[in-house]
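Here is a short briefing on one protein model. Look at the sequence and the structure first, then read the points below.

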Amino acid sequence: MPVLVALFASPSSPSFSVNLFHNQTLNLTRANGNSPTNFAIHFDLKLKNENKAIGLHYPDQINITFSYFPNVSTLAILADYKLDSFYQGNGKTKRVRDMVETNGFPTVLEGTNMIVFRVDLVGSFRYKKVGTKRHKVELGCLVGVDSTTSNKMQKGFIGMVKPGLDSKLKRKPPPDPP
């Protein structure tokens, strides 16, 4: 009986991780010196309910924003993705494999040979128990891509964490296509 009470008394928050450009050759080359105006980001999002006895309900859309850093003090938004509300059973993992068309093309971070992408996730969830409130989720992660080899710096899934000081950076809209 004490084990059962412990499972319901202190539920865990879900975990989130993302794998950008899975099964995709990232073509960052520019033909004849011209910059492409947009490209597609293929992603694989993993949402894991860590609770063995409590389901989770995501009552609102989950918003996912894909951005990049053109320099160390600016964040430019490339695309937004919306995930509709859903229920997630005890101990279950939801995978979302999709792609999003960007409305811009990332540039190399000043002073490096890398493009630094940022993925932000904002939403809320509620435990499937009587009297529970909504818990806000604001998470993010960085994904570096070498601009000369088009290889990701990290392999596989990257865990999303609460944003730090970098979330205070000024966002700017993507550049207009020529």
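Is Phe43 buried or exposed? Phe43 is buried, because its relative accessible area is 1%. Buried means under 20% relative accessible area, exposed means over 50%, and partly exposed lies in between (1.4 Å probe, protein chains only).

This is a predicted model: local features need pLDDT of at least 70, side-chain atom pairs count only at pLDDT 80 or more, and totals for chains, interfaces and linings use all residues. Residues are numbered from 1 along each chain as its sequence is written, and side-chain values use heavy atoms, with hydrogens and water left out.

**Aromatic pairs**

- A search of the whole structure finds five aromatic pairs. Rings of Phe, Tyr and Trp (its six-membered ring) pair if their centres lie within 6.5 Å; planes under 30 degrees apart count as stacked, over 60 as edge-to-face and the rest as tilted.
- Strands (E, at least two residues) are DSSP runs, numbered from the N terminus.
- Tyr81 counts as buried, at 14% relative accessibility.
- Tyr58 and Phe86 make a stacked pair, 4.5 Å centre to centre and 25° between the planes. Tyr58 is in strand 3 (residues 56-58) and Phe86 in strand 6 (residues 86-88), so the pair joins parts 28 residues apart in sequence.
- Tyr58 is buried at 1% relative accessible area, and Phe86 is buried at 10%.
- Ring pairs also link Tyr58, Phe86, Phe125 and Tyr127 into a cluster.

**Charges over rings**

- A charge sits over a ring if NZ of Lys or CZ of Arg is within 6 Å of the ring centre and within 35 degrees of the ring normal.
- Lys94 lies over the face of Phe86, 4.7 Å from the ring centre.
- Lys46 lies over the face of Phe157, 4.1 Å from the ring centre.

- Four strands form an open sheet in the order 7-2-1-10, with antiparallel pairing. Two strands pair if DSSP finds at least two bridges between them.
- Why is one side of strand 7 and of strand 10 left without a neighbour in the sheet? Strand 7 (93-101) and strand 10 (158-159) stand at the edges, because each has a single partner strand.
- Strand 1 (residues 15-20) pairs with strand 2 over six bridges, in the antiparallel sense. Asn19 stands opposite Asp44 in strand 2.

**Salt bridges**

- The whole structure holds five salt bridges. A salt bridge is a side-chain nitrogen of Lys or Arg within 4 Å of a carboxyl oxygen of Asp or Glu.
- Asp44 bridges to Arg95, with the closest N and O atoms 2.5 Å apart. Asp44 lies in strand 2 and Arg95 in strand 7, so the pair ties together parts 51 residues apart in sequence.
- Asp44 is buried at 3% relative accessibility, whereas Arg95 is partly exposed at 37%.
- Arg97 also forms a salt bridge with Asp44, at 3.3 Å between the closest N and O atoms. Arg97 is exposed, with a relative accessible area of 53%.
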